[in-house]
Amino acid sequence: MFQVEFLESERGHRKVALDGFIYVKQKELLGGVVSYECDRRRKRKNVESELQCRAKIKILNNILIGRLHDHTHPPDPARVEARRRVSFLNSSLSSEAIEMPEVITTEPQVDIMRNPEEIQSIDEQMIPFKGRIGFRQYLKDKPHSWGVKVFTRASISGIVYDIEIYTGKGAVEISELGQGTDVVLRLVENLPRFMNFKLFFDNFYTGIDLIHKLRVEYGIESCGTIRSNRMRGAVLDTDANMKKKGRGSVDFRFERHSEVSVVKWYDNKLVHLASSYCAVTPIDKCQRWDGTTRKYVEVDRPRIVRDYNKSMGGVDLADMFLELYRTDIRSKKWYMRIELTYQRHHIYSLGGFEVPLINN
Ligand SMILES: [Zn+2]
């Protein structure tokens with residue numbers, strides 16, 4: 001019998017923390033049983049099904065009574081801890097008992113910006129915004145569906161270094177490199193070059209040419225999940241073969257011209273990843289829940305998967321911090337002003353960032 005831990009979210013929804021994973025309430029079943037799904041199911045949007053998690057649990061009277069599907073990612077105790085803090089603040093804030101510090105100020109940000117963290121990732125984020133604006137977007141997998149979509153470069157600890165506001169289809173000319181590549185190249189403009197920074201992104205962005213270009217022209221190492229039709233004809237072991245070999249089976253190719261490695265890994269599903277700096281070795285073990293034997297099993301995990309899973313969470317964390325600030329907005333304390341101010345030269349300012357609006 002496992003007692004689960006409930007966490008309060010900003011909108012009063014209860015989330016559950018268990019073994020380093022976070023679950024969100026999905027639906028109520030018969031007999032008072034409530035089903036919760038892994039919050040990664042909803043986070044990793046537009047990533048086909050790669051690394052998207054389908055794990056669920058069932059809870060009756062605060063007791064865990066069932067599990068369904070494995071997690072496709074390792075537990076993340078640090079994230080649970082951050083969520084715990086958010087939960088604590090939410091419950092305390094409602095009573096207005098504690099003094100909140102100014103969360104976002106300009107000065108410390110400047111220092112952080114001068115010494116960026118080595119590991120960063122690029123992903124999409126929604127700035128909740130209900131006002132009238134031409135490029136308000138709907139992103140169904142984000143905690144706040146309506147708002148302004150931004151492409152974000154964040155560090156592994158959730159600090160946002162740069163953002164670009166998405167102003168809608170057709171607002172910006174897309175080069176022959178493709179939209180994903182264009183976004184990444186604009187977002188690394190302010191990242192120091194040839195300083196060994198590592199950048200992670202999902203398969204919306206990843207391409208062999210992008211990874212090659214980042215290394216050769218920017219001196220930035222990168223890694224991401226990649227769609228199988230973007231691997232420029234690299235032939236890897238067949239899906240059927242790898243499934244036959246079982247969980248943890250892996251194949252890879254090194255593309256000599258671009259010096260990019262592509263790795264195909266079978267866990268629950270088949271995943272393709274590409275990188276300029278890492279590939280299969282060293283292999284380590286990760287814990288996976290096996291639905292048939294109802295036990296945790298150890299699965300071989302190539303280095304590229306470990307690095308990717310460990311490093312991609314930055315923007316998710318930034319999402320979480322964003323929600324935290326929203327709490328203050330609800331209580332009419334504008335610690336973070338989500339204020340879109342139209343200025344000369346299409347400059348929008350957002351909580352201390354000056355964001356040049358591309359084109360438009
Ligand atoms: Zn999961």
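Let's start at histidine 69. Histidine 69 is partly exposed, because 16 other C-beta atoms lie within 10 Å, and the partly exposed class falls between 12 or fewer for exposed and 20 or more for buried. Keep in mind that this is a predicted model.

Where does histidine 69 sit? Its place is the loop between strand E7 (63-68) and helix H2 (77-94). Now look at its backbone. Phi of histidine 69 is near 65 degrees, a positive value in a residue other than glycine.

Next, asparagine 196. Here too phi is positive in a residue other than glycine, near 70 degrees. Asparagine 196 belongs to the loop between helix H4 (179-187) and strand E12 (198-201). Buried or exposed? Asparagine 196 is exposed, because it has 10 other C-beta atoms within 10 Å.

One more loop. Strand E16 (270-275) and strand E17 (284-290) have a loop between them, and proline 282 is found there. The peptide bond joining threonine 281 and proline 282 is cis, with omega about -5 degrees.

Now to the cores. The largest nonpolar core has 44 residues. Which of them touch the most other members? Val184, Leu199, Val262 and Leu273 do. This core draws at least three residues from each of domain 2 (104-187 + 313-360) and domain 3 (203-311).

Pick out leucine 199. Setting aside neighbours within four places in sequence, leucine 199 is in contact with Gln120, Ser121, Ile122, Val188, Leu214, Ile220 and Ser222.

Last, a second, separate core. That core has 12 residues, including Ala17, Ile22, Cys53 and Ile57.

Terms used. Residues numbered from 1 in each chain as written. Predicted model: local features only at pLDDT ≥ 70, side-chain atom pairs only at ≥ 80, totals over all residues. Core = buried A, V, L, I, M, F, W, Y, C linked by C-beta atoms within 7 Å. Domains from an automatic or database assignment. Contact = placed C-beta atoms within 7 Å. Helix = DSSP H or I, 4+ residues; strand = E, 2+ residues; numbered from the N terminus.
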